[in-house]
Amino acid sequence: MTTRLLHGAMLAVALAGLVLGGVLWWRGAGDTAAVIWAVATGPVVAVLAGSIALKLWQRRVGVDAIALVSMSAALALGEPLAALVVAIMFAGGNVLEDFAMRRAEADLTALTDRTPRLAHRQSDDGYVDVPVAEVEVDDRLLVRAGEVLPVDGALLDKEASLDESALTGEPIAVRHKSGDVLRSGSVNAGETFHLRATARVEASAYAGIVRMVEAAQTEKAPFIRMADRFAILLLPLTLAVAGAAWALSGDPIRGLAVLVVATPCPLILAAPVALIGGVSRAARRGILMKGGAALEALSEVRTALFDKTGTLTEGGARLVAIRTAPGVEPVEALALAASLEQGSHHVLAEAVMVAARQRGASLSFPSEIRETRGAGIEGRVEGRLVRAGSRQMVWPNRPLPAWATLGNESETLRIFVSIDGELAALLVMGDALRPDAAATVQALRRAGVVRVGMVTGDDAATASAIDAVLGLDFVHADCTPAQKVDVVRAEHRLAPTMMVGDGINDAPALAAASVGIALGARGATASSQAADVVLLVDSIDRVAEAVVIARRSRGIAMQSVVVGLALSGLGMVAAAFGYLTPIAGALFQEAIDVAVILNALRALSGPRSTRPARDDGSVGTFPRPPMILAGR
């Protein structure tokens with residue numbers, strides 16, 4: 001903020017001097033006007049000299065030195081108006097760059113600015129406002145309508161409606177039910193509700209996002225660092241051309257005009273604006289890139305590797321099919337099994353209950369529950385003895401009837417259900433391919449990704465089923481986390497490679513890739529920390545969107561730099577041959593600076609939709625994908 005105020009003050013002083021000197025010159029007081037112009041140039045020269053001295057102390061050199069040389073030369077050659085115009089151009093360029101950077105960082109800044117400071121914590125005397133840093137796990141909190149959730153927590157009320165657009169980019173409020181874990185940073189879009197804190201503020205989702213945003217705002221991309229080094233070459237080149245123009249023409253004003261046209265450099269102005277603009281646009285879409293370096297690396301990716309479970313698939317078992325004995329209604333058997341599963345902590349219990357509710361089944365309260373870890377659960381539901389679990393528990397040492405026999409029993413996850421001692425149903429579980437998986441692969445190919453593959457710890461048969469649907473270029477199955485890293489490194493040696501994953505076991509592979517992309521919507525902390533890009537929305541179509549944004553932003557940066565430098569070069573040649581005066585040269589360079597910055601700001605926008613298209617070319621809801629049978 002201090003730097004921005006200083007740039008604004010420098011521009012104000014220079015403009016005031018220009019106006020005052022202009023009025024005096026118009027009234028015939030030319031000598032006094034020249035003094036006013038020279039004095040108004042002084043603050044800019046002083047600030048710039050101090051800045052350059054600091055850079056030299058840090059062993060850095062920038063093209064700002066050209067501006068200092070040109071203003072000093074103009075004053076020495078008795079051209080105070082030209083010196084003032086350069087001062088206005090320099091200060092105005094800095095103000096314009098400050099504005100462009102504020103505009104480019106607006107979405108990133110919005111994330112950090114909305115960080116909650118207080119939480120309403122329940123105490124013996126009611127609810128007390130406390131700093132969020134004092135909230136402990138299991139504290140009961142109150143979240144009023146319109147407030148930002150201060151920490152991650154489990155919903156205690158029946159339901160709640162949250163606006164998660166700041167995190168995911170989706171404008172539609174999301175409904176949550178009792179027990180759901182809500183992410184900090186979301187906004188209560190409904191009625192007041194109660195929350196049980198599940199993490200301290202520093203371990204909550206939003207705090208991690210803020211830390212990544214701060215890193216994104218401070219980290220320089222390789223492209224920008226390269227621009228800094230390239231800018232050093234421009235200073236001696238400019239001095240050489242200016243000296244040649246003076247020596248060959250005998251007119252020092254031509255040399256001054258060359259210096260003026262070369263100040264400042266579009267290379268330095270355009271690159272950071274375009275790259276941080278791309279990072280900001282991605283954040284608006286729920287894609288958090290950890291700085292310009294991540295964006296630039298993503299723009300160069302030619303190979304994409306995906307984990308399977310939870311990445312290409314939805315992760316976790318879903319009910320694929322219900323097989324029942326003759327005379328048994330599928331919904332009735334599912335309702336009895338789901339009622340019993342209410343007393344289980346097994347990971348499949350929730351999937352069974354969700355499937356029952358989706359089919360409109362009413363659940364009853366179980367009693368006399370007894371669960372055998374790893375085998376199943378039994379109890380009474382509506383007076384009937386119900387067992388649900390493995391074959392060994394439910395139907396041991398007895399042949400299966402024909403209706404309960406599957407062709408690939410060794411590759412399926414099954415839940416056997418018996419009612420009053422008779423085998424009644426077989427629940428076949430599977431892992432659903434994400435609805436946007438196929439479209440994402442197609443979109444990546446359209447974006448220029450040459451090879452798309454999968455590396456998974458699942459067996460070859462399950463991996464082949466995924467491959468058959470998606471048409472991947474290669475598949476590596478039965479991989480340990482270490483073998484995943486080996487695959488990533490092998491691909492990386494051939495071409496820039498990105499790895500997409502969601503689990504803790506994916507973290508080493510994400511770190512080994514040119515770009516690691518983590519699906520962070522479900523809270524995979526280790527993978528999010530190892531990744532360069534984190535998707536805040538649980539949808540992999542944003543992977544292709546991230547590639548499109550990265551390539552477009554880097555292309556705009558390169559376009560601005562090349563065109564800007566080319567125009568500056570033409571201006572320097574014209575000035576050397578006497579076709580541009582110092583004042584005209586300054587105005588010409590200012591027009592170039594404005595043009596390249598406005599062009600760089602295009603990185604904030606994009607095509608109407610960069611989301612993967614469906615087979616019919618439209619963009620919208622994807623068809624329900626096939627189920628991939630889960631490994632046991």
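Helix α13 (residues 330-341) has twelve residues and should span 16 Å at 1.5 Å a residue; its end C-alpha atoms lie 16 Å apart, which agrees. The expected span is 1.5 Å times one less than the number of residues. Helices (H or I, at least four residues) and strands (E, at least two) are DSSP runs, numbered from the N terminus. The model is predicted: local features need pLDDT of at least 70, side-chain atom pairs count only at pLDDT 80 or more, and totals for chains, interfaces and linings use all residues. Residues are numbered from 1 along each chain as its sequence is written, and side-chain values use heavy atoms, with hydrogens and water left out.

α13 is mostly covered, with nine of its twelve residues buried. Buried means under 20% relative accessible area, exposed over 50%, and partly exposed in between (1.4 Å probe, protein chains only). The buried residues of α13 include A333, L336, L340 and E341. Helix α11 (residues 292-299) is also mostly covered: seven of its eight residues are buried. Among them are G292, E296 and L298.

L298 also belongs to the largest nonpolar core, which holds 48 residues. Such a core is a set of buried Ala, Val, Leu, Ile, Met, Phe, Trp, Tyr and Cys residues joined through side-chain atoms within 4.5 Å. M289, L298 and M498 touch the most other members. Helix α21 (residues 541-576) gives the most to this core, with eight residues. Leaving aside residues up to four places away in sequence, L298 touches M289, M498, V515, I517, V533, A546, V547, A550 and R551. A contact is heavy atoms within 4.5 Å. A second, separate core has 42 residues, including A40, A65, V86 and A242.

The charged end of R398 sits over the ring of W395, 3.7 Å from its centre. The criterion is NZ of Lys or CZ of Arg within 6 Å of the ring centre and within 35 degrees of the ring normal.

The chain has 22 helices and 23 strands. Of its 632 residues, 50% count as buried. Among contacts with a separation of 6 or more, 68% join residues 24 or more positions apart.

The average pLDDT (the predictor's confidence in each residue, from 0 to 100) is 81 for the chain, and 82% of the residues score at least 70. Confidence is highest in strand β11 (residues 303-306), at a mean of 95, and lowest in strand β23 (residues 627-629), at 49. Over residues 612-624 the pLDDT is below 50; this stretch has 23 contacts in the model beyond near neighbours in sequence. Where pLDDT is low, the predicted coordinates should not be read in detail.
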